[in-house]
Amino acid sequence: MGKVVSAVKRKQAFLFCAATVLGIIVVCIPLFVVAKYNYMSSDDFGYGAITHEAILNGQPWKIFGLAAKQAADTYFTWQGSFSAIFLFALQPGIWGEQYYQLGIYIIIFFLIMMQSVLIWRFQGAGRAKVSKLCLIGFCALMYMVQILYVPYPGQCFYWFNGGLYYTIFYTLQLLLFSEIFVLSRFPAKLNGKQWIFYVWMLFLAVVIGGGNLATGLSTAVALFLLTVIFFMKKHKHSFYLLTLLLLFLISYMINAAAPGNGIRGQEPGYHSMSPVTTVFVTMWHCILNIYSWTDIKMWLILLIAVPFLWQMSGVIIRNWNFTFRFPAVFTILLFGVYAAQLAPITFMEGTYGPERMGDMMWFGYVLWIFCVEGYWLGWFRCRFGEERAFRKVKVFAKDYYGMLQLCCLMIWCVLVFMTNVRSSSTYKAWAAVRSGEAAKYGAENEERLEILRDPEIKDVYFYELQHRVEPIYVFDITGDPNDNANVFMARFYHKNTVNLIEED
């Protein structure tokens, strides 16, 4: 037994890393398997119609110009998110229905890659580095939690437009802040390559400013706070960051001031709140979300993450000369940045937004709570880490914490199965495949596609989908042929009308 314990102690970092990587693979496999039964719906048809037409006509080189035209037309008729609409028009389904299933791979790639880049850039350019095994293990742990318990996987993974608009733009926001860390390490006078990098940052700011207003507002708040800190510290790149902030605000205001937003605001269901009420409502709702999401399973995850965050705080102290002062202030300010995401939709509609908005808030919550935990650990390390009484704790942690992590991870897995496992994205995907409902849903859509591809049929009539299985079913056409979903599908397939036969 002693030899086993010794072997585990020597390999505890590797074992934990392997366990978390295996965990994220297990979580994702059912999501990828069920994706082959995923099909376009609603806005996928509407925004992709003109680019799809160019591909059918053998003119794929035109798609970028047509995507820009789609963004310009939508700007004046429906909404101002010009960079998002441009990307909507390039969704995978325009190349063929069979490619639409690639959407979940693209979205999860962005979710994992951009957050990984941000975490890696926290280390800075100094000699101190976090252990690679510890880094990989922590990242896999965070992604496993984010993906497993995302509230509405259908709208953020299987509806490409919804996932692009919120999840991918959330990750682009993180990429921008990770690039600011790189910029802060540049010399006072930028050279050629560094200027190219800075221009890339400006471009990224314009893209994010032209995306969803929720991500845009939180980005604006965070950029403003960072700019203030840079000027207070008399940082050599303060004016570069100020220029970035101003360009972002111009892009964001162009987005918010779109004539299409005013037209959309006249639609039923838009009931704006006062700014003061919006602030209190959004903050209270975010507090309730944090309270409900921080359950026993999340506390276990936070406990498991301690070794990585402890290492990371030490690396930041050495590489950035950062002392983690005022942790309570940091917690409140970061909460303000997080809650700002919810303010635009609450202000315009008086609601907490669509389900895909809740998914983005969930991803942001997981990242927020780890950042807060890491900051408080950094503060504790700066204040008490060198005291003699604490050295014994560090020795114990070095020898045994990896085994404690593995034990907590096993307990967490047991709790996942004992509590609300049926609400997890992985279980929903696995159940849809195992029951055969996903295959039946796919067969129904294939029957529809045969009719939609027939050039002789101009007025199409469909019965309702009978197998609306989670998580791949998101939207369907309605009984009103003038509904946007029907009109978009008709336009995509060159039909006069698309109609739904509703059975009593």
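Buried, as I use the word today, means a relative accessible area under 20%, exposed means over 50%, and partly exposed is what falls in between. The model is a predicted one.

I will start with helix α3, residues 63-77. Its buried residues are I63, A67, Q70, A71, T74 and Y75. Viewed down the axis of α3, these buried residues fall within an arc of 135°, so they line one face of the helix. The general point behind that is helix geometry: with 3.6 residues a turn in an α-helix, residues three or four places apart point the same way. What do the buried residues of α3 pack against? There are four partners: α2 (43-56), α4 (82-88), α11 (238-256) and α12 (259-265).

The peptide bond that joins E470 and P471 is cis, with omega at about 0°. P471 sits in the loop between β1 (459-463) and α22 (484-492).

The other two places are residues with positive phi. S42, in the loop between α1 (2-34) and α2, has a phi near 50°, and it is not a glycine. N321 is not a glycine either, and its phi is positive at about 55°. N321 belongs to the loop between α15 (306-320) and α16 (327-340). Which of these is buried and which exposed? S42 has 17% relative accessibility, and because the limit for buried is 20%, it counts as buried. N321 has a relative accessible area of 66%, which puts it over the 50% limit, so it is exposed.

S41 is in the loop between α1 and α2 too. S41 is buried, at 7% relative accessibility. Leaving out residues up to four places away in sequence, S41 touches W159, V474 and F475.

How many cavities of 30 Å³ or more does the count give? The count comes to one. The space in the largest cavity is about 230 Å³. It is lined by 23 residues, and the closest to its centre are Y39, M40, F45, N445 and M489. The elements that give two or more residues to this lining are α21 (437-452) and α22. Of the elements, α21 gives the most, with five residues. By class, the lining of the largest cavity has 16 nonpolar, four polar and three charged residues.

Q101 and N445 are 344 residues apart in sequence, yet their C-alpha atoms are 13 Å apart in space. Q101 is in the loop between α4 and α5 (103-121). With a relative accessible area of 25%, Q101 is partly exposed. Setting aside its neighbours within four places in sequence, Q101 is in contact with A35 and K36.

C156 is in helix α7, residues 153-158. Is C156 buried or exposed? At 1% relative accessibility, C156 counts as buried. Beyond residues up to four places away in sequence, C156 touches I107, V150, G163, T167, D359 and F363. C156 and G358 are 202 residues apart along the chain, and 9.4 Å separates their C-alpha atoms.

L133 is in helix α6, residues 132-148. Its relative accessibility is 32%, so L133 counts as partly exposed. Not counting residues up to four places away in sequence, L133 touches A13, F14 and C17.

The cis peptide bond is the one joining E470 and P471. The largest cavity has α21 as the element that gives the most to its lining.

Notes
Residues are numbered from 1 along each chain as its sequence is written. This is a predicted model: local features need pLDDT of at least 70, side-chain atom pairs count only at pLDDT 80 or more; totals for chains, interfaces and linings use all residues. Side-chain values use heavy atoms; hydrogens and water are left out. The expected span of a helix is 1.5 Å times one less than its number of residues. Buried means under 20% relative accessible area, exposed over 50%, partly exposed in between (1.4 Å probe, protein chains only). The arc is that of the directions from the helix axis to the C-beta atoms. Contact means heavy atoms within 4.5 Å. On a 1 Å grid over the protein atoms alone, a cavity is a set of points where a 1.4 Å probe fits but cannot get out, and a pocket is an open set with protein on both sides within 12 Å along at least five of seven lines; lining residues have an atom within 4 Å of a point. Grid points are joined across faces, edges and corners, and a volume is the space filled by probe spheres set on the points. Ala, Val, Leu, Ile, Met, Phe, Trp, Tyr, Cys and Pro count as nonpolar, Asp, Glu, Lys and Arg as charged, and the others, Gly among them, as polar.
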